[in-house]
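Take a look at the sequence and the model below. How do the parts of a structure like this meet one another?

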Protein chains: 2
Amino acid sequence: MNLRDLKYIISVAETRHFGKASERCFVSQPTLSGQIKKLEEELGVIIFERTNRSVEITPIGEAIMAHAYRILEQVGAIQQLALAHQDPLAGPLRIGAIPTLSPYLMPLILMPLKKQHPQMKLVLSEEMTDILLGRLHNFEIDAALLATPVDEQSLDVIPLFDEPFWLAYPREHPFYYKDEISRSDLDKTELLLLSEGHCLAKQAMDVCHLKDRKGQGDMADLRASSLETLLQLVGAGFGSTLVPALALRGSWASGSGIVARKLNLKDAYRRVSLVFRKSYPGRKALDEFARVILENLPDTVSPVIARKPVKKRTRPP
Amino acid sequence: MNLRDLKYIISVAETRHFGKASERCFVSQPTLSGQIKKLEEELGVIIFERTNRSVEITPIGEAIMAHAYRILEQVGAIQQLALAHQDPLAGPLRIGAIPTLSPYLMPLILMPLKKQHPQMKLVLSEEMTDILLGRLHNFEIDAALLATPVDEQSLDVIPLFDEPFWLAYPREHPFYYKDEISRSDLDKTELLLLSEGHCLAKQAMDVCHLKDRKGQGDMADLRASSLETLLQLVGAGFGSTLVPALALRGSWASGSGIVARKLNLKDAYRRVSLVFRKSYPGRKALDEFARVILENLPDTVSPVIARKPVKKRTRPP
DNA sequence: ATGGGTCATAGTTTTTATCTATTATTCTAC
DNA sequence: GTAGAATAATAGATAAAAACTATGACCCAT
């Protein structure tokens with residue numbers, strides 16, 4: 001059986017005329033006759049009782065027809081479904097982002113995104129880098145906004161922007177009167193870190209040339225589980241911390257006993273990228289998503305101008 | 001799109017593996033890959049996100065799959081339907097019969113038919129010859145039991161039996177002491193006829209060498225609309241009438257003031273046949289129906305032994 | 001009878017699907 | 001890291017299916 005055959009018999013059933021039916025199907029009359037005959041032989045039943053002068057459908061043919069209509073209906077549904085999704089921007093885009101980025105980046109782009117692509121649905125999740133990579137591989141998300149270099153063969157990367165780190169410290173701190181912070185300044189302060197797993201913690205330590213003290217416990221006791229908590233601690237005078245630039249735009253930024261200053265260090269930034277499976281079919285949607293992000297960044301971060309060089313591809317175009 | 005393609009994608013969706021899926025479909029892996037790729041191009045959507053190591057279904061693919069399952073379900077329904085009807089004896093057989101035959105023949109064959117072909121369903125209708133022929137041509141019945149020769153090219157005939165006419169007359173009639181009736185006897189009696197349209201009326205007149213007096217009115221007043229009514233009239237002494245042999249077996253046959261005698265005439269019979277469209281596809285069912293009739297006839301009628309010679313056929317075997 | 005209309009058949013050509021062999025890629029194991 | 005196993009994609013050849021044109025058989029109407 002074949003969908004074409006079903007179209008043929010429906011055409012004949014509706015016209016009661018092989019010639020007219022064949023025209024309607026854009027095939028010759030012998031073709032139509034032949035295919036219908038083949039179908040009848042395959043099913044072992046006569047669908048049409050025909051003479052030279054008349055074509056009439058048999059009772060069993062009538063029953064078959066009912067199913068044929070339903071089948072073609074479903075086929076149409078598939079085609080319509082596919083058509084609606086042909087726009088690569090359609091369909092939910094499942095995006096994961098790290099917790100030190102998501103709350104500060106998403107508010108910037110959600111409105112513009114909705115304005116430019118009203119039909120694009122986002123499903124957001126907020127997890128630490130390793131979790132997100134796992135989810136990428138498990139096909140649970142389509143792309144991840146990460147701040148860590150990724151070098152896995154199965155993943156591809158769209159670099160987005162470099163986000164500088166600032167130092168946040170209590171207003172009562174002696175740094176209060178400085179405009180910029182140098183590395184020597186950093187050594188003089190107690191640095192508060194996020195709990196393990198957050199890439200920001202490691203990045204902060206790298207910037208400050210601290211050795212990872214994981215497992216030692218003395219400092220671990222002070223580690224916070226979120227950037228907001230961390231800033232609460234800073235405000236309460238427990239120490240200072242590194243904050244990525246986008247996080248400075250929150251409501252706490254002014255009048256919460258916290259001061260933030262730019263770091264006068266060359267490598268005090270993290271590169272934020274959009275990471276996705278090379279095999280992910282919605283590349284266009286991701287490109288568009290990345291574009292919207294880049295267009296709505298504040299001045300505090302530096303967009304990556306040069307897009308990544310084209311890597312050798314699995315399948316030539 | 002193609003039903004084969006739908007089987008392919010379902011197979012891949014279920015195995016998440018092109019190789020295993022292709023085995024399950026009894027085709028090579030490249031074949032499966034190629035067809036799925038073609039389907040994806042036709043629909044303009046990616047159904048499977050695949051790398052060398054993994055195959056995962058996309059959201060739109062998932063949606064398509066739901067419809068694909070329903071389609072194949074319907075296809076199965078068609079095949080099952082067809083299988084159930086492959087037996088040519090299956091399906092309702094729509095039989096028409098003339099009123100002077102139906103009430104007397106049907107009781108003879110319904111039980112044997114049910115015994116031999118329990119799955120064969122009959123739909124009976126009782127009309128006069130012309131009506132039945134019209135219904136045959138309108139595909140409203142599949143075959144008709146007639147007592148009139150039919151010579152239409154589009155119709156075919158299975159002769160069944162010759163049914164003699166008997167003379168029915170009131171017990172008080174002088175014929176009462178005769179065993180057989182000759183033509184000269186016929187002239188001496190008032191012959192009652194069925195109303196116009198019944199073939200029996202014309203046949204009776206032919207047998208008696210009467211001219212058709214339709215429109216004259218004198219005799220028409222006495223015409224009855226059914227054989228039962230006619231016999232009531234005979235019983236009441238209004239005259240006598242010709243009765244086909246099978247009708248003699250009714251309950252009125254004894255003790256109702258009516259006597260029936262055989263006619264001593266060579267041509268005093270009518271040939272009962274099964275008539276159907278040449279194009280009717282259930283020929284086998286009709287042959288079987290005819291066989292059951294012939295096997296259950298009483299001695300009062302003469303089965304036609306020699307089956308009709310094969311006429312030139314529309315399509316050589 | 002004859003001609004028009006209609007479906008079936010025959011034979012050929014075109015299109016489509018399939019196969020085998022091979023390539024490219026990536027993961028795993030040593 | 002390098003070799004090997006696994007897996008999907010590609011290429012080219014072959015087989016199968018479906019399409020077309022031309023023709024035939026038949027019925028009906030004039």
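## The model and its interface

This is a predicted model. Start where the two protein chains meet. On chain B, 37 residues are in contact with 37 residues of chain A. About 3,500 Å² is buried between chain B and chain A. Carbon and sulfur atoms give 70% of that area.

Charged and polar groups also take part. Two salt bridges are counted between chain B and chain A. One salt bridge joins the side chains of A:Glu49 and B:Arg277, with 2.3 Å from N to O. Across the interface of chain B and chain A there are 10 residue pairs in polar contact, both residues being at pLDDT 80 or more.

Which elements of chain B supply at least two residues each to the side that touches chain A? They are helix 1 (3-15), helix 3 (29-43), strand 1 (48-50) and helix 4 (59-86) of chain B. Helix 4 of chain B gives the largest share, 16 residues. By class, the side of chain B that touches chain A has 19 nonpolar, 11 polar and seven charged residues.

## Two copies, one axis

Now compare the copies. A rotation of 179 degrees, with 0.1 Å of shift along its axis, superposes chain B on chain A. The RMSD is 0.2 Å. The two copies are therefore related as by a two-fold rotation axis.

Which residue of chain B comes closest to the rotation axis? B:Ile71 does, with its C-alpha at 2.7 Å. Both copies use the same surface: 100% of the contact residues of chain B recur in chain A.

## Around DNA strand C

Next, turn to the DNA. There are 27 residues around DNA strand C. A:Arg50, B:Ser28, B:Thr31, B:Lys38 and B:Asn52 come nearest. Which part of the strand faces the protein? Sugar and phosphate account for 74% of the atoms of DNA strand C that come within 4 Å of the protein.

A polar backbone atom of A:Gly19 is 3.3 Å from a phosphate oxygen of DNA strand C. The side chain of A:Arg53 has an N or O atom 3.5 Å from a base nitrogen of DNA strand C.

Both protein chains give elements to this surface. The surface near DNA strand C has seven nonpolar, 13 polar and seven charged residues.

## Links within a chain

Side chains of opposite charge can pair when their charged atoms come close. Over all chains, the structure holds 30 salt bridges. In one of them, the side chains of A:Glu163 and A:Arg270 meet at 2.9 Å, N to O. A:Glu163 lies in strand 6 (residues 155-170) of chain A and A:Arg270 in strand 10 (residues 269-277), so the pair ties together parts 107 residues apart in sequence.

Chain B has an example of another kind. B:Lys121 is found in strand 4 (residues 121-126) of chain B. B:Gly91 is 30 residues away along the chain, yet the two C-alpha atoms are separated by 6.4 Å. Leaving aside neighbours within four places in sequence, B:Lys121 is in contact with B:Gly91, B:Pro92 and B:Leu93.

Conventions: Residues numbered from 1 in each chain as written. Chains lettered and ligands numbered in written order. Heavy atoms only, no water. Contact = heavy atoms within 4.5 Å. Buried area = accessible area lost by both parts, 1.4 Å probe. Salt bridge = Lys/Arg side-chain N within 4 Å of Asp/Glu carboxyl O. Polar contact = N/O pair within 3.5 Å; in protein donor to acceptor, adjacent residues only side chain to side chain. Helix = DSSP H or I, 4+ residues; strand = E, 2+ residues; numbered from the N terminus. Nonpolar A, V, L, I, M, F, W, Y, C, P; charged D, E, K, R; others polar. Least-squares fit on C-alpha atoms with pLDDT ≥ 70 in both. Near = heavy atom within 4 Å.
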